[in-house]
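User: I am new to this structure and would like to learn how to read it. Please take me through it one feature at a time.

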Amino acid sequence: MPYSIDESFRALPLRALADAALARARSLGADHADFRFERIRSAAWRLRDARLAGSSDTTDLGYAVRVVHGGSWGFASGVDMTPDAAARVASQAVAMAKLSAQVIAAAGSDERVELADEPVHADRTWISAYDINPFDVPDADKTGLLAEWSGRLLAAPGVDHVDAGLLTVQENKFYADTAGTTTTQQRVRLHPHLTAVAVDPKSGEFDSMRTIAPPVGRGWEYMTGTGWDWDGELAEIPGHLAEKLRAPSVEAGAYDLVVDPSNLWLTIHESIGHATELDRALGYEAAYAGTSFATFDQLGTLTYGSEIMNVTGDRTAEHGLATIGYDDEGVAAQSWDLVRDGILTGYQLDRRIARLTGFERSNGCAYADSPGHVPVQRMANVSLQPAPGGPSTEELVSGVERGIYVVGDRSWSIDMQRYNFQFTGQRFFLIENGRLAGQLRDVAYQATTTDFWGSMAAVGGPQTYVLGGAFNCGKAQPGQVAAVSHGCPSALFRGVNILNTTQEAGR
């Protein structure tokens, strides 16, 4: 069913607050000002062995004013919902800009904040794609379904414990700026997950296996079978877990890899998503994830990977966690190339970085995770494109004589230039003569970013494409968290270095 903007959000004095704040900013000489009102409701449930272990339901409500005054940023936020209070917050933002200008001048810098142009988007409304708002579903139904799924796993031989959880978010946002853009948006997302644990009573060895169902920009319909085969996955986990406990440890060396989308999305996130944030590539950002080897002087020349590598940044993908109508600078959502035919051809931008580096327009990557935080350049849905008419996962496997098929994400490590990395997974299957030959344990694949993507020999067709992602991408100081998706097909990589994690830990 089509949804409309929550009436309780529309009933808030959004326009009156925005008008008061923007009028005050103009009167104080701001070159640009924007007003952002947010209400973010987040709820979570945790179950241990089919019993509720904890839950939370919180709402973050407030507004922020950001200005460019005298070539410097100013920012302030508030919660008092009167026009006079909003005007005072705008005054505080201008005062902060003036103070920032003094600090910058004292440091000997003459850099000025200027924003790339953006068409005016007046009175626009956008709602994410979902059928059933999870906040309209009784809590008892949510915990009941998680308990029932947990019970299925616990009833299987060899499963000793099950952890289950569900995260749900409804984000409402109103934006207005001095150019005349006004937008009202609503988006919903959720992340269910279950982990089965097995313990060998004789040896004391234990291991776990988590569902590979991704978090999505969908509603409760995702929990009832739209977009994921929950019955099929829950039925497979106990057998996979039992086999994993008996599996031999991998022999380190070079292998061909077939990487499932449930694992490859995270490699994309770390080695492409963060590396193509232009503020990071320019050195303006280094918190959490460092800077980037993909520096701006290499745009159009850096060979990122093989010729079959095509990666897009996308704020429009249906059900994407980073999908929006308009970003937190009033920029309309877009899709664009980051890597085309293996060559670095684009970056993720906000309006300031776009103007600073000569781009005509931002591609809509500004986002703040709360009304109390300033917007920063954040990741779009960064996705590896499938090959039209390309092979199935089974066909990719059939072309490998000696290799490993990787399923599901687990741990990872990458350096502060987004260049040297290693990743593990949920399941690793030995490939012998084009066929799966049982699971392996203690596997990690290691490479540099350009070597790894340069070794990509084939990408699967659209039938193998899955939109993975995470709720918890961190960036900036003070730290902010954003949800982001990464789509990809299955893909074949030749001659990748495989580590035995137990041997590496013992060194």
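Analyst: Helices (H or I, at least four residues) and strands (E, at least two) are DSSP runs, numbered from the N terminus. By that reading, the chain has eleven helices and 22 strands. This is a predicted model, where local features need pLDDT of at least 70, side-chain atom pairs count only at pLDDT 80 or more, and totals for chains, interfaces and linings use all residues. Residues are numbered from 1 along each chain as its sequence is written, and side-chain values use heavy atoms, with hydrogens and water left out.

User: How does the radius of gyration of the chain agree with that of a compact globule?

Analyst: The radius of gyration is taken over C-alpha atoms, and the globule rule is 2.2 Å times the number of residues to the power 0.38. For 507 residues the rule gives a value near 23 Å, and the chain, at 24 Å, agrees with it. Its C-alpha trace spans about 75 × 55 × 45 Å along the principal axes.

User: What share of the residues counts as buried?

Analyst: Buried means under 20% relative accessible area, exposed over 50%, and partly exposed in between (1.4 Å probe, protein chains only). Of the 507 residues, 58% are buried. Areas come from the Shrake-Rupley method with a 1.4 Å probe; for residues, only the protein chains shown count as cover. The chain's accessible surface is about 20,000 Å², and carbon and sulfur atoms hold 51% of this.

User: Which residues make a nonpolar surface patch?

Analyst: Like charges are joined within 9 Å, and nonpolar side chains (Val, Leu, Ile, Met, Phe, Trp, Tyr) within 5 Å. Here Met-96, Leu-99 and Val-103 form a nonpolar patch of about 270 Å². Leu-99 lies in helix α3, residues 83–106, and is partly exposed because its relative accessible area is 45%.

User: What does Asp-177 touch?

Analyst: Contact means heavy atoms within 4.5 Å. Leaving aside residues up to four places away in sequence, Asp-177 touches Leu-22, His-32, Ala-33, Asp-34, Glu-329 and Arg-351. Asp-177 belongs to strand β5 (residues 161–177), and its relative accessibility of 5% is why it counts as buried. Asp-34 is 143 residues away along the chain, yet the two C-alpha atoms are separated by 4.0 Å. Across the chain, 75% of the contacts between residues at least 6 apart in sequence join residues at least 24 apart.

User: In which sense do β6 and β7 pair?

Analyst: Two strands pair if DSSP finds at least two bridges between them. Strands β6 (residues 182–199) and β7 (residues 206–210) are antiparallel, with five bridges. Ala-198 stands opposite Asp-207 in β7. Six residues lie between the strands of this hairpin, in which Gly-204 has a positive phi near 80°.

User: Which residue other than glycine has a positive phi near 50°?

Analyst: That is Asp-49, in the loop between β1 (32–48) and β2 (51–69). Asp-49 is partly exposed, at 25% relative accessibility. Ala-476 also has a positive phi, near 80°; it sits in the loop between β20 and β21 and is buried, with a relative accessible area of 6%.

User: Where is there a cis peptide bond?

Analyst: The cis bond joins Gln-477 and Pro-478, with omega about -5°. Pro-478 is placed in the loop between β20 (466–475) and β21 (480–488).

Terms used. Patch = residues over 30% accessible without salt bridge, like charges linked within 9 Å, V, L, I, M, F, W, Y side chains within 5 Å. Salt bridge = Lys/Arg side-chain N within 4 Å of Asp/Glu carboxyl O.
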